[in-house]
Amino acid sequence: PPPPAAPPPPPPSPPLVSDPADCTVDRCCVVILRGTRASACDPVPIWDLANWEHPGGGFLSVASLCNTVREGWASKGLHAEMGVDTEDASAATLRGGGVRTGIYNNPFCSVQPKPPPPPPHPPSPPPPPPPSPPPPSP
């Protein structure tokens, strides 16, 4: 008999996103920051929570998180004690079934371009020549 057919390839991964607002309607993209936006200047994951369940119970509506940047995660409930780092850009999954779907670079931390340096000053004019000696007297 012929060998069994190879299994079909997995479906393609959804495209990576750089802003949670750019997710397609079949995903629930969110950036979850421990503190404020001003305190998170390293690239952080964008999580797809479409198949995620809150590990602390079902009281949280996932739909309320979609397409947002959430701040202050560590200060809510027991999150700080759960040992989950939602800002770890190397993590592929999030406890509860979240999947990293992109990387977010916080626009609040963008380096502002430095102003151009002032134009160089023109060189100072040379000092005036010394006065001429008076003409000899007759």
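Which residues does L49 touch, not counting residues up to four places away in sequence? The partners are C28, V30, I32, V62, L65, L94 and G98, where a contact means heavy atoms within 4.5 Å. Keep in mind that this is a predicted model: local features need pLDDT of at least 70, side-chain atom pairs count only at pLDDT 80 or more, and totals for chains, interfaces and linings use all residues. Residues are numbered from 1 along each chain as its sequence is written, and side-chain values use heavy atoms, leaving out hydrogens and water.

**The protein as a whole**
- The protein has zero helices and five strands, counted as DSSP runs from the N terminus (helices: H or I, at least four residues; strands: E, at least two).
- Buried residues, those under 20% relative accessible area with a 1.4 Å probe and protein chains only, make up 25% of the 138 residues.
- Among contacts between residues at least 6 apart in sequence, 70% join residues at least 24 apart.

- The five strands form an open sheet in the order 3-1-2-5-4, with mixed pairing; two strands pair if DSSP finds at least two bridges between them.
- Strand 3 and strand 4 (93–94) are the edge strands, and each pairs on one side only.
- Strand 4 pairs with strand 5 (residues 98–104) in the antiparallel sense over two bridges.
- L94 has G98 in strand 5 as its bridge partner, and L49 touches both L94 and G98.

**A look at L49**
- You can find L49 in the loop between strand 2 (44–48) and strand 3 (68–70).
- L49 is buried because its relative accessible area is 0%.
- L65 is 16 residues from L49 in sequence, and their C-alpha atoms are 8.5 Å apart in space.

Note on methods. Buried means under 20% relative accessible area, exposed over 50%, partly exposed in between (1.4 Å probe, protein chains only).
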